[in-house]
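Dear colleague,

I am handing over the structure below, and my notes on it follow directly after. Please read them with the structure open beside you.

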Amino acid sequence: MRIVFATDLSDANEAAIQSRTCLDCLENIGVTEVHLVTVVPDNVSTGLPGMDVASNRHDALRTQREVFESAGFTVETHVARGTPHRRINGFAERLDADMIVIGSRGQSPLEARLIGSTARNVARTAVRPLLIERIAAEDSTHSVVKEHLFQDVLFATDFSGNAGRAFGFIPRLHGATQRVTLLHVRSREQRAAEESEATARDRLADLADELKTTMGIDVSTAVRSGGVVDEILTMEAEVGATVTVLGSRGQSRLRRLLLGSTSESVVARGRNNVLLVPPESSTPR
């Protein structure tokens, strides 16, 4: 697998890269090639005397590159100028990446834990599966919130086509995944529809049997009723999930459609790593 690892060269991103467990998780799902990408925003001047932002960023990337190389990955570094989310997604498409990885530092719970603007905009426009890795501040340092990126997967499904494509990505995490929980939340509208809770449980059971056959791991299912986002966040904590897998709605470069409200709210409000899988037309061949 080939990934684009987006970094702003901050202490927070350094923490994500320095985590040996996180590196092992990437290796265990078959990642062999890493493209470290950092973007100089258009509003950062390079015209000041003695200032060479691109050169300085190449130097700063060297340390992060050495960490990946020492862990056995093939690494290339890229410094680009432009709008960060556009350049990150552009690299992912041009390099035919299997996944984008980006760190996210949320605000405090009292401030609604809004994710950083770059992570949010990459999520809204991603053309490849996107892993948002949570990073938390601890005193004057940073650390990853969940070191085992893919050990315990929570997959939330509404049985749509987008959710089905996200489900199809789970077997690619096989080398690092020990348990999967499949969740369907019945909203008020769904409870009023004809589909019964028993039908939803049967559909989840079929998905569980498929994963047990293809991955040979523990799979459990749950059907809950209530607010979809609230129930997903509650289930993350209850099962100790290390990543939540969701399907994202189609994005258009021309219209820059937002994520579906559920996906965006889980990314913005949650504390878990989130893997967003875009529509089939946007995923690698």
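Phenylalanine 155 stands opposite leucine 182, a residue of strand β8, and the two strands involved, β7 and β8 (residues 179-186), run parallel and are joined by 5 bridges. I call two strands paired if DSSP finds at least two bridges between them, while helices (H or I, at least four residues) and strands (E, at least two) are DSSP runs numbered from the N terminus. Between β7 and β8 the chain passes through helix α6 (residues 161-169), and this β-α-β crossover is right-handed, a term which applies if, with the strands pointing away from the viewer, the path from the first strand over the helix to the second runs clockwise.

Before going further, please keep in mind that this is a predicted model, in which local features need pLDDT of at least 70 and side-chain atom pairs count only at pLDDT 80 or more, whereas totals for chains, interfaces and linings use all residues. Residues are numbered from 1 along each chain as its sequence is written, and side-chain values use heavy atoms, with hydrogens and water left out.

Strand β7 also pairs with strand β10 (residues 243-247), again in the parallel sense, over 3 bridges, and there valine 153 has valine 243 as its bridge partner. Because 5 of the 5 residues of β7 (residues 152-156) are buried, the strand is largely enclosed by the rest of the structure; buried here means under 20% relative accessible area, exposed means over 50%, and partly exposed lies in between (1.4 Å probe, protein chains only). Asp152, Leu154 and Ala156 point one way from the strand, while Val153 and Phe155 point the other way.

Turning to the interior, a nonpolar core is taken as a set of buried Ala, Val, Leu, Ile, Met, Phe, Trp, Tyr and Cys residues joined through side-chain atoms within 4.5 Å. The largest such core has 49 residues, and those with the most contacts inside it include Val34, Phe73, Leu182 and Leu275. Helix α8 (residues 197-215) gives the largest share of this core, 6 residues. Apart from it lies another core, of 33 residues, among them Phe91, Leu183, Met235 and Leu276. If contact is understood as heavy atoms within 4.5 Å, then leucine 275, leaving aside its neighbours within four places in sequence, touches residues including Met99, Pro129, Phe169 and Val243.

Side chains of opposite charge can pair when their charged atoms come close. Counting as a salt bridge any side-chain nitrogen of Lys or Arg within 4 Å of a carboxyl oxygen of Asp or Glu, the total comes to 12 salt bridges. One of them joins aspartate 152 to arginine 179, with the closest N and O atoms 2.5 Å apart; since aspartate 152 lies in strand β7 and arginine 179 in strand β8, the pair ties together parts that are 27 residues apart in sequence. Aspartate 152 counts as buried at 8% relative accessibility, whereas arginine 179, at 33%, counts as partly exposed.

In another, arginine 224 and glutamate 238 meet at 2.9 Å, N to O, which links strand β9 (residues 218-225) to helix α9 (residues 228-239); glutamate 238 is exposed, with a relative accessible area of 53%. Glutamate 69 and arginine 65 form a further salt bridge, and they are separated by about one helical turn, being 4 residues apart in helix α3 (residues 53-70). Finally, Arg20, Asp24 and Glu27 are linked in a network of salt bridges.

With best wishes
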